[in-house]
Each structure stands twice: as C-alpha cells, then as structure tokens.
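Trainee: I would like to go through the terms used for this structure and see what backs each one.
Mentor: Then ask, and each value will be set against its definition.

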Amino acid sequence: MPLRVRLRRDRVLILMTLPVVLLVLVFNYLPILGNVVAFQDYDPYISTNGVVSILESPWVGGEQFQRLFEDSAFWDAVTNTLVLFLIQLVLFFPIPIALALVINSVLRPRVRAVAQAVLYLPHFFSWVLVITVFQQIFGGAGIIAQTLRQRGYEGFDLMTDPAVFKFLVTFEGVWKDAGWGIIVFLAALTSVSPDLYEAAAMDGANRWRRMWHVTLPALRPVIALLLVLRVGDALTVGFEQILLQRDAVGPGAAEVLDTYVWWNGVRNQDFSYAAAAGIVKGVVSLGLVLAANKIAHLMGEQGVYKK
C-alpha cells in the first residue's frame, strides 16, 4: 500500500499521537544537543542566553573525558552502580513474575482483587514517604530497634549501615514497585487460552506442571523484553531514592552514576565534566541494550526489535 494511502487512512491516529511525539522531541531529543558542552569548558555565566554561552565557551576536546577516566570517584560510582544493578536483577526482577503467577493461578477472584489493590498501593507513594516508612521501622529510633531495647537487647540502625545499604535499597524498591510490575505479567497471562490449561489438566498435569509448561512459556517473550530493557537501564538504579539516603550512609556506599553526575553538575557546577559522565553512561547503556537484545535473538525471542 502506498505511503500516501496509508497516511490518509491513519490520519486520525497520527493526529492523536502527534502531541506525544512533540513532547518526546522537546524533552528527550532536543536536550541531546546540549551534550556538546562535554567537549567544552562550559561557563553558563558568559551570557544570560544559554545558547550564546555554549557558542562562546572554549573548546577543550576530550579533556573532560580524560579527567573522568582518571577520577577514582567515578570508578567507585560505576562499581556501586553495577553491584546494585546485579543485586536488584537477582532479588527484584523475579518477584513481580512470581507474584503474578501466584495471583493468577492460586488465589480466588475476590482475594485476588484485594491482593492486587494492596500490592499496587505503594507504587503511588513518593520516595520521601517510602524512606520515611522504612526509617520508622528499621531506623535507630524505629519500631524494631525500640522493641529490642525494651526487651534488653541492643538496637540497630539499618538506615545508616553502609554494609546493608544496597540490600536495603533493593528491599525498598521491591515494596514500592513490585506490585506495579505485576500488571504487565497479568496482562500477558490474559492472552493464554484456557483450552491449554484444560488440555494439560486432561493429560494429568497438576497445578505446578501447568504453571511450568503453560504459564511460564506464555510469559517468556514478555520476560525477555523486560529483561532487555532492564539491562539497558542498568546504570540508572534510582536517583531520587539513593540521593535521599546518600548522606546517611556516605558516598562510599551510596554514590552511583546518577548521583555522581548530579553532585558534580548541579552542586559543584562543573557542567562539562558532568555532561561527559552522562555521555559515557548513555553510550554504555546503549551497548548493553544492543548486547542484551542480541542474546534475546539467540534465544529465539524478539526482544526490543526484530532481527
């Protein structure tokens, strides 16, 4: 079908998506042009006009990247980011899948509705509220610590313990967002034909066998897609959540790439250096997406895009 005919046929849909496309262009793609400051010694105070400041700032080539790769604090932030990503991938990523399987195949409809509402609710809380709740439970003056002291035991403060910080952050993410992640998997499960479950039951498959041979294969494409996206987002592990707790445990345990960029770019106003760190993060994230998508193709899944 010629392009002209398709445009005429889908003109209403195109008009509906046009505002979203404009928002993406303005807020996602247009700011990419500002990455040019990574190759400059950018000074925003040269002019009150930001464009003029970029044009008149001196060029330094790859000097900012050389500073970045020679900075031990940058590599510490990279290490913390990757360790936190691996912990979240192992402990957080499977939980929405398991909860979706339980809700879909074990609970009765009325109990299922209540469970979904309870699990979804924390997603709508701000990170300030989530961390406050955890502080009231696991902090030095929290409920658990006070109860232990009243019974003659020594209290504890997990909220300021650098050794458990990465696990604590993961636990916070599970409590806040695991319920929301269930939605995707439950939506995928609605496409599974009930005839498959009936046929498996007729063949003598118990509940576990039906889950293993019918439900999980139906979820496999969605799991592969979300895993690729999660790997691509490996270097973004929760800016607001970690920034709010950074001072409590110190930058040695809590500094990740996003907070590193924020600290250097906003607090220290070293905009060119922060932009260079952001570019490195973006390039590595793109490479991770492409690599993970290639692995998905090798496993027979579509991934983010087809071959």
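Trainee: Why is arginine 149 called partly exposed?
Mentor: Buried means under 20% relative accessible area, exposed means over 50%, and partly exposed is in between, with a 1.4 Å probe and protein chains only. Arginine 149 has a relative accessible area of 44%, so it is partly exposed. The model is a predicted one, where local features need pLDDT of at least 70, side-chain atom pairs count only at pLDDT 80 or more, and totals for chains, interfaces and linings use all residues. Residues are numbered from 1 along each chain as its sequence is written, and side-chain values use heavy atoms, with hydrogens and water left out.

Trainee: Where does arginine 149 lie, and what is it in contact with?
Mentor: Arginine 149 lies in helix 9 (residues 143-150); helices are DSSP runs of H or I with at least four residues, numbered from the N terminus. Contact means heavy atoms within 4.5 Å. Leaving aside neighbours within four places in sequence, arginine 149 is in contact with Gly140, Gly155 and Phe156.

Trainee: How much confidence does the predictor have in the protein?
Mentor: pLDDT is the predictor's confidence in each residue, from 0 to 100. The mean for the protein is 84, and 98% of its residues reach 70 or more. Confidence is lowest in helix 11 (residues 194-202), at a mean of 78, and highest in helix 2 (residues 11-29), at 92.

Trainee: What makes helix 8 oblique to helix 10?
Mentor: Axes are lines fitted to C-alpha atoms, for helices over the stretch in contact, and angles run from 0 to 180 degrees between N-to-C directions. Under 35 degrees counts as roughly parallel, over 145 as roughly antiparallel, 65 to 115 as roughly perpendicular, and the rest as oblique. The axes of helix 8 (residues 127-138) and helix 10 (residues 165-189) come within 11 Å and cross at roughly 120 degrees. That makes helix 8 oblique to helix 10. Helix 8 brings Trp127, Val130, Ile131, Phe134 and Phe138 to the contact, while the residues from helix 10 include Leu168, Phe171 and Trp175.

Trainee: How do you know that helix 7 and helix 10 are oblique?
Mentor: The axes of helix 7 (residues 109-120) and helix 10 come within 7 Å and cross at roughly 130 degrees. The two helices are therefore oblique to each other. Gln116, Leu119 and Tyr120 in helix 7 meet Gly179, Trp180, Ile182, Ile183 and Leu186 in helix 10.

Trainee: Why is helix 12 called roughly antiparallel to helix 16?
Mentor: Helix 12 (residues 207-232) and helix 16 pack at an angle of about 155 degrees, with axes 7 Å apart. That makes helix 12 roughly antiparallel to helix 16. Val228, Val231 and Gly232 of helix 12 make the contact with residues of helix 16, among them Ser285, Leu288 and Val289.

Trainee: Which residues of helix 15 are buried, and what covers them?
Mentor: In helix 15 (residues 257-267), Leu257, Asp258, Thr259, Tyr260, Asn264 and Gly265 are buried. Their cover includes helix 4, helix 5, helix 13, helix 14 and helix 16.

Trainee: What makes glutamine 269 partly exposed?
Mentor: Its relative accessible area is 41%, so glutamine 269 is partly exposed. Glutamine 269 lies in the loop between helix 15 and helix 16. Although not a glycine, glutamine 269 has a positive phi of about 55 degrees. Most residues other than glycine have a negative phi.
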